[in-house]
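Me: Hi! Could you walk me through this one with me?

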Amino acid sequence: MPPMLADRAGGLGVLAALRRNGYSAFPRRCFDQSVVSLRALGRPLVLAAGPDSVQNILVTQAGGYRRLRVGQRVLSPIVGRGLLVSEGETWRRQRRAMAPAFTPRGVPVLAGHIAACADRACRALEPDRPVDLFSTMRRLALDVAAVSMFSLDIGSFDRPLRDSVTRFMTGIGTPRPGDFLLPPGMPTLLGWRRRRFRRRWVALIGQIIAARQALGPTDAPRDLFDLMQAAFGAEGGGTTSELIDEVATMIVAGHETTASVLFWACLLLAQSPRWQDEVAREVRDMDLSPAGAATTLPALHVTTAVVRETLRLYPPAFMSGRESVDEADLCGHTVPKGAMVLLPFWMLHRNPALWDNPGCFDPARFLDRPDPPRFAFLPFGAGPHVCIGAQLAMTEAVLVLARVVQDVSLALVDHAPVLPVGVLSTRPSYAPAFRLTRRA
């Protein structure tokens, strides 16, 4: 892990550190104090890293908090006013429109799509030579998102999409202190750069929508795109910009986070031969074909435990943020109206008071043991804004990881430490080379 922020650091230090790495932006005392109150240039900043404070904000008193406006400022260039940043009635309308695509009865179809994409990716792997699995998993996750949600071969859009997302996440998408502290609408050079990115991004998403619409209509919705077009397209009373925002949101959220989980899982298994052997034994005779993946999924207990442990150590959504609507009581602390509240989920996942040996990769903690306390493990958030695609993400991560380990053994070429970098998701400090060997 990267070094943590000094306990004496103030609110401005926290906000400045968030630009570099969310895993270095919080003081160690957040492990012991459920609520830490700071100030940043006169504005109250609250760090809530305990299960009781997180439950209060996300569930018990959820109506007393709204999403941080900084989220809209930072994310709107890439997701517009989509589900990730919307509030109130707009958010409820978006959530209702998309919910049918993420029900449990859709898992068999989604599992088949995922298995087909995983099979293509595994056949393209080149054993016995250094492989960049981070890029491989990003391509695979983008392929899954395109096929499962949009019935579309991503084809020529693959490289422009991945390059645009990377450029955004490692550049103008990193939050600056000014994003938290400046009044909304104040013009800045960074704001101009984000607007320029937005114009190019919207044009790219428009091309993808046009390619999908060229497939023609069907009598019944065949995928998420059909549901979104009915709700947000012109025929649904919406606008083209609404449809663009929702498609962009699903593409970004649907591939970047899952690719992150898959990369970290492969890294952890490469460093833990014992657990890689456990997964290999489990999946050796499993039917992971498009026809058999859905039936096999419930039997992948060890693989699922590995994915859950990966989500504990390296959650893609490593933190969240809220703003208090009115003055509130938070576990005995007064939260002023308009206070910024940050919730570092990763600290819940690594808190020594909540987990035995929290820095150790040990999937056994998710095997044949009681589930961890609800608010000690939040890879997909909680409350009204819990991730709508959580089940799809778990299905994809488990099936892809099972298929990869069934096909190849994983080893690292470079053993230099790979550190988590939390900006908009949890990315590696560098992409290490893996050596893959075909299994008999």
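Reply: Happy to; below we go through a pocket, a helix and the core.

Reply: This is a predicted model, where local features need pLDDT of at least 70, side-chain atom pairs count only at pLDDT 80 or more, and totals for chains, interfaces and linings use all residues. Residues are numbered from 1 along each chain as its sequence is written, and side-chain values use heavy atoms, with hydrogens and water left out.

Me: Which residues lie nearest the centre of the largest pocket?

Reply: Gln72, Arg73, Ser76, Pro77 and Gly185, out of 23 lining residues. A pocket here is an open set of points on a 1 Å grid where a 1.4 Å probe fits, with protein on both sides within 12 Å along at least five of seven lines, and lining residues have an atom within 4 Å of a point.

Me: And which helix gives the most to that lining?

Reply: H9, with five residues. Helices are DSSP runs (H or I, at least four residues), numbered from the N terminus.

Me: Switching to H14: how many of its residues are buried?

Reply: 10 of its 13, where buried means under 20% relative accessible area with a 1.4 Å probe, protein chains only. Val306 and Leu313 are among them.

Me: What do those pack against?

Reply: The buried residues of H14 pack against helices H11, H12, H15 and H16, with contact meaning heavy atoms within 4.5 Å.

Me: Which residues have the most contacts inside the largest nonpolar core?

Reply: Leu161, Trp201, Ile205 and Leu410, in a core of 105 residues. H11 supplies its largest share, 17 residues. Such a core joins buried Ala, Val, Leu, Ile, Met, Phe, Trp, Tyr and Cys residues through side-chain atoms within 4.5 Å.

Conventions:
Helices (H or I, at least four residues) and strands (E, at least two) are DSSP runs, numbered from the N terminus. Buried means under 20% relative accessible area, exposed over 50%, partly exposed in between (1.4 Å probe, protein chains only).
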